[in-house]
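Q: I am new to this structure and would like to learn how to read it. Could you walk me through some features, starting with the general idea each time?

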Amino acid sequence: MAPFSLPHHEREKYLTEIQKLLSCANAGKQAAYVRSLEDMDVKTVIGYGVAGTGKTHFATLVAMKLLVNESVQRIIITRPTSAEDEDLGYLPGSIKEKMT
């Protein structure tokens with residue numbers, strides 16, 4: 001698979017939009033979370049909290065920013081394994097709908 005690449009004029013457009021969305025992080029824990037995600041010296045960042053606090057949202061935005069900046073060549077998305085009877089969050093739907 002070839003590395004992701006955008007023309008320069010497209011890259012600037014995407015980075016502007018991503019930065020605008022990242023600036024929505026509040027000045028507290030969300031901003032600290034985003035700074036940790038952006039720090040290439042930090043090898044592991046663990047985000048925890050109740051549903052709807054922006055954990056996935058901000059992690060995805062930072063990953064997109066790194067990809068568009070060509071700091072990384074690809075984004076790998078994984079899901080945790082879980083038992084069939086385990087709670088999978090507040091989103092509606094059956095376990096089959098959530099896992100496919």
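A: Glu38 counts as partly exposed because its relative accessibility is 29%. Please keep in mind that this is a predicted model, where local features need pLDDT of at least 70, side-chain atom pairs count only at pLDDT 80 or more, and totals for chains, interfaces and linings use all residues. Residues are numbered from 1 along each chain as its sequence is written, and side-chain values use heavy atoms, with hydrogens and water left out.

Q: What share of the 100 residues of the protein chain counts as buried?
A: The share is 18%.

Q: How many helices and strands does the protein chain have?
A: Helices (H or I, at least four residues) and strands (E, at least two) are DSSP runs, numbered from the N terminus. The protein chain here has four helices and zero strands, so reading from the N terminus gives the order α-α-α-α.

Q: How do I read a salt bridge?
A: Side chains of opposite charge can pair when their charged atoms come close. The rule asks for a side-chain nitrogen of Lys or Arg within 4 Å of a carboxyl oxygen of Asp or Glu, and by this rule the count comes to four. One of them joins Glu38 and Lys65, at 2.9 Å from N to O. Glu38 lies in helix α2 and Lys65 in helix α3, so this pair ties together parts that are 27 residues apart in sequence.

Q: Which salt bridge does Glu17 form?
A: Glu17 pairs with Lys20, their closest N and O atoms being 3.2 Å apart. Because Glu17 and Lys20 are three residues apart in helix α1, about one helical turn separates them. Glu17 is partly exposed at 40% relative accessibility, and Lys20 is partly exposed at 47%.
Lys13 and Glu10 also meet in a salt bridge, at 3.4 Å from N to O. Both lie in helix α1 (residues 8-22), three residues apart. Lys13 is partly exposed at 47% relative accessibility, as is Glu10 at 22%.

Q: How do I read a pocket?
A: Rolling a probe the size of a water molecule over the atoms shows where empty space is left. On a 1 Å grid over the protein atoms alone, a pocket is an open set of points with protein on both sides within 12 Å along at least five of seven lines, and lining residues have an atom within 4 Å of a point. Grid points are joined across faces, edges and corners, and the volume is the space filled by probe spheres set on the points. The second largest pocket holds about 300 Å³ of space.

Q: Which helix gives the most to the lining of the second largest pocket?
A: That is α2, with three residues. The lining includes Lys29, Tyr33, Gly47 and Phe58. Its residues divide into five nonpolar, five polar and two charged, where Ala, Val, Leu, Ile, Met, Phe, Trp, Tyr, Cys and Pro count as nonpolar, Asp, Glu, Lys and Arg as charged, and the others, Gly among them, as polar.

Q: Where does Asn69 lie?
A: Asn69 sits in the loop between α3 and α4. Asn69 and Leu15 are 54 residues apart in sequence and 7.9 Å apart in space, C-alpha to C-alpha.

Note on methods
1 Å grid on protein atoms, 1.4 Å probe; cavity = no way out; pocket = protein on both sides within 12 Å on 5 of 7 lines; lining within 4 Å. Buried < 20%, exposed > 50% of the residue type's maximum accessible area, 1.4 Å probe, protein only.
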